[in-house]
Structure formats: structure tokens, C-alpha cells
Amino acid sequence: MNKQLLKKRALICGGSDGIGKATAIMMADMGCEVTLFARNSTKLQSTIEKLSKKESQKHNFLCADFDDSIALKKEITSYIKRLKNPFNILINNSGGPKGGPLIDAEEDEFRIAFERLLIANHIISKCLVPGMKEIGSGRIINVISTSVTQVLPGLGVSNTIRGSVAQWAKTLALELGEYNITVNNVLPGYTDTERLKSLGISKAKNTGSTIETVRENWEKNTSLKRIGNPEEVASIIAFLSSDSSSYVTGQNISVDGGRFGV
């Protein structure tokens, strides 16, 4: 077992599905003690049961809806106050907003996405950063999207808000560097998650195509000619969480199979 994260403590948001779940499993295998944070307690409990405890880790989970910033703040603040040891690592990760053309989006779609994708990140980071300063180091990794560098057709609200998350993170990296806290963004491309399957169904319906054709086109638009899996993204997140990444901060790191099309 790779022990790079032995005795580290991580809060992993969106840890009940997809990339967040794969990251939690991988980091626990590397010796990390994991606390999951999402809204579905049943899924969270299921994920907890899959996490390695070979290093006597005591994994845990928190439950809150990231669209409700008041409830989210109450939950994370209360939890941090009860902790004896600070977190070394924060993985900010949550589900994206619904798709559709930007011009058709309702104003509330932007507000909801902003709450979920940026305000939630900010609330949680503000709670964890003091502990990171106390121990003299920390890692904050934000799972965003390749839309940060190349907008994706049909994901107007997501493109808009995720761009602001990237700028928020780069600013945070500048401010926290002197405390040995790094902040980086991971930008997944086509990754085989429930979110991608949902987008595939929607695109097939809107274009009068089939899901199989949509996936084939996505695959063709990567250098590797395939869709990635959550574990491939998780491995980059795990690296950025480790001491080996100590001189990497303020970066947007694409994990997209060499995506070049739309």
C-alpha cells in the first residue's frame, strides 16, 4: 500500500458518488483518515463501509445540502468545533447545475449554482484554513471542469460559475501560500460518472441522436479516444493532497485524456 497520506486527515465533499467516492477510497487506501461531506446519508454510509481502515483510521461523514448555505455553515462549524485535530486536506467537490443554453437560463439557476459551487467552497474553506495554519501546512483541491479553459456547449450556467470558482481558488492560493497551504484546481474531462450519463441522455434527446453516438463523439474528441474513469481523476487529487506536491499551487490541472473538441 502506498502510505503517502498516512496520518493525514481529509474532508472530501461530494464523497458519496463518482469522483468524490473514488477519491475517498483511494486516499483511505493510502492511509488517510477521511470525513465525507454530502447530502445523502444512505450513500455516505455505503461509501464509509468501503474505506480501508488498515491504518486504524476512524472515518466519518457529515450530511448537508450544499444548496442551503445556512444549514451547511451550521453543520461544518459545529463539527470543526468538536474536532481535536485539524484537517490537513480539503477536497471541494459538488454536482454541477442542469444543462441548457445560457440565454435560456433563469436567474435562479445562477444563484443556486453560485451557492453550490462557490459559496459552499468558501464556507468550508474558511472553517478549515485556521486549523491548517495552526499545523503549518494544508492542501485545498477544487474539482471543477475543463470548461474553465474551454467552455462546453449546452452547459451555460456551469461554464459561467465554474470560471468564477477557478478565479476564487487562484486568489486563495496567492493569499495562503505564505502559510504553506496550497490551492489547486483539478479539471476533469469526460469521466464515466452518473453526471456524465445524465448529460449524455440529455444531449441525445436534444439532438435526436442515441446515447451510444454521443459517447462515441466524446471519445473521438480526446487524444486517447476514450472516456476516463473516476479513479484516474482521483489519482491526481491524491497526488495534490500529498507532500510530494508541495511546490504546486494556483494551478488548473486538466485530467481530460487530451480533449481537443467539444
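1. Strand 6 (residues 181-188) and strand 7 pair in the parallel sense over 4 bridges; two strands count as paired if DSSP finds at least two bridges between them. Asn 185 has Asn 252 in strand 7 as its bridge partner. Strands (E, at least two residues) and helices (H or I, at least four) are DSSP runs, numbered from the N terminus.

2. This is a predicted model, in which local features need pLDDT of at least 70 and side-chain atom pairs count only at pLDDT 80 or more, while totals for chains, interfaces and linings use all residues. Residues are numbered from 1 along each chain as its sequence is written, and side-chain values use heavy atoms, with hydrogens and water left out.

3. The open sheet is formed by 7 strands with parallel pairing, in the order 3-2-1-4-5-6-7. Strand 3 (60-63) and strand 7 (252-255) are its edge strands, each pairing on one side only. On average, neighbouring strands are turned by 20° against each other, direction ignored.

4. Helix 1 (residues 18-29) packs on the sheet, touching strands 1, 2, 4, 5 and 6, and its direction makes about 165° with that of strand 1. Helix 5 (residues 156-176) also packs on the sheet; helix 5 touches strands 4, 5, 6 and 7, and makes about 160° with the direction of strand 6. Contact means heavy atoms within 4.5 Å; axes are lines fitted to C-alpha atoms, for helices over the stretch in contact, with angles from 0 to 180 degrees between N-to-C directions.

5. The count of salt bridges comes to 9, each being a side-chain nitrogen of Lys or Arg within 4 Å of a carboxyl oxygen of Asp or Glu. Lys 8 and Asp 243 form a salt bridge through their side chains (3.3 Å, N to O). This pair links distant parts of the chain, 235 residues apart: Lys 8 lies in the segment before strand 1, and Asp 243 in the loop between helix 8 (230-241) and strand 7.

6. By class, 4 nonpolar, 5 polar and 8 charged residues make up the lining of the second largest pocket. Ala, Val, Leu, Ile, Met, Phe, Trp, Tyr, Cys and Pro count as nonpolar, Asp, Glu, Lys and Arg as charged, and the others, Gly among them, as polar.
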